[in-house]
Amino acid sequence: MSEIATKKLSFAYDQKKIIDNVDLSISDGQILVILGPNGIGKSTLLSCLSGLHKSYSGSIQLGDQELRTIPKKVLSHHVALVSQGVNVKSSLKLTDYLLLGRSAFHSIFSQPNQNDQLQVDRVLTQIGLEDYRDISLQDMSGGQKQLAQIGRALVQEPQLLIMDEPTSALDYKNQILVLKLIKALSDNNISIIISTHDPNQAMMVGDLVGLLIDNQTYIQGSTEEILTEKYLSDLYKTPIVSTYNQQLHRNIFGTRMD
């Protein structure tokens, strides 16, 4: 189950609507990038899609099932969420922290096996932290902890990976590492939904782009359809200029400073 679609999805806190009538869809192996300013509801939307918020109205279909009817343990075999920000506070070694992501494959009393360790080793290489396997998380940098969170999600072997601003705590080198990893996972038929503030990242990896704009209006389309100067300028309420870069073979976005 990696295809997900919503119909008239809405969610409210204390009767205040945060997202309203969102119609969203993504197919096997696609990357959907969601853009929007702070406080517009991106994190709430991703929490609904991952099953954290079940008191939504409308529908969320994961494959052919309504999301809120899927048992938590079953859902964890199909969907993994990387939350926003670095909130890892643990003295566990990195390998032990990643092994926690394999809990969905075991009963409460079973122990990690050789296959679990092989998955952890594979993911450590994917996220570029194979030399930190025995380092305590409390001794790692913020960027390394963010990569560890991504790694813990990947060892679940999800078919749908949801990532809330996954590059926000990373330096440029590690941002590119994560974006390349996202592309590679998509090539292996994993569906991915990420949020970001950066339209350049959306252009680099997105098959689809969704915009959450004022009054929680949601617009989705192909990268080429949505990443335009008009849409982005309206979204961020500042003039955005698009320029095609021949060396990069894509449009880049920026704002004049004069």
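Q: How many bridges join S1 to strand S5?
A: Strands S1 and S5 (residues 57-62) run antiparallel and are joined by 5 bridges. Two strands pair if DSSP finds at least two bridges between them, and strands (E, at least two residues) and helices (H or I, at least four) are DSSP runs numbered from the N terminus. Within this pair, Ile 4 stands opposite Leu 62 in S5. This is a predicted model, in which local features need pLDDT of at least 70, side-chain atom pairs count only at pLDDT 80 or more, and totals for chains, interfaces and linings use all residues. Residues are numbered from 1 along each chain as its sequence is written, and side-chain values use heavy atoms, with hydrogens and water left out.

Q: In which sense do S1 and S3 pair?
A: S1 (residues 4-13) pairs with S3 (residues 25-26) in the antiparallel sense, over 2 bridges. Here Ile 4 stands opposite Ile 26.

Q: Which residue takes a positive phi in the hairpin of S1 and S2?
A: Asp 14 does, with phi near 50 degrees, and the hairpin has 2 residues between the strands. S1 and S2 (residues 16-22) run antiparallel, joined by 4 bridges, and Ala 12 stands opposite Lys 17.

Q: How are two packed helices described, and what is the case for H5 and H6?
A: Two packed helices are described by the angle between their axes and the distance between the axes. Helix H5 (residues 142-154) and helix H6 (residues 172-187) pack at about 15 degrees, with axes 12 Å apart; axes are lines fitted to C-alpha atoms, for helices over the stretch in contact, and angles run from 0 to 180 degrees between N-to-C directions. H5 is therefore roughly parallel to H6, a term for angles under 35 degrees. The contact (heavy atoms within 4.5 Å) involves residues including Leu 147 and Ile 150 of H5 and Leu 177 and Leu 181 of H6.

Q: In what order do the strands of the open sheet stand?
A: The 6 strands follow the order S7-S8-S9-S4-S10-S11, with mixed pairing. S7 (79-82) and S11 (217-222) stand at the edges, each with a single partner strand, so one side of each is left without a neighbour in the sheet. The twist averages 15 degrees from one strand to the next. Inside the order, S4 (residues 31-35) and S10 (residues 208-213) run parallel, joined by 4 bridges, and Leu 32 has Leu 208 as its bridge partner in S10.

Q: Which strands does H5 touch?
A: H5 packs on the sheet, touching S7 and S8 (160-164), and its direction makes about 175 degrees with that of S7.

Methods:
Angles under 35 degrees count as roughly parallel, over 145 as roughly antiparallel, 65 to 115 as roughly perpendicular and the rest as oblique.
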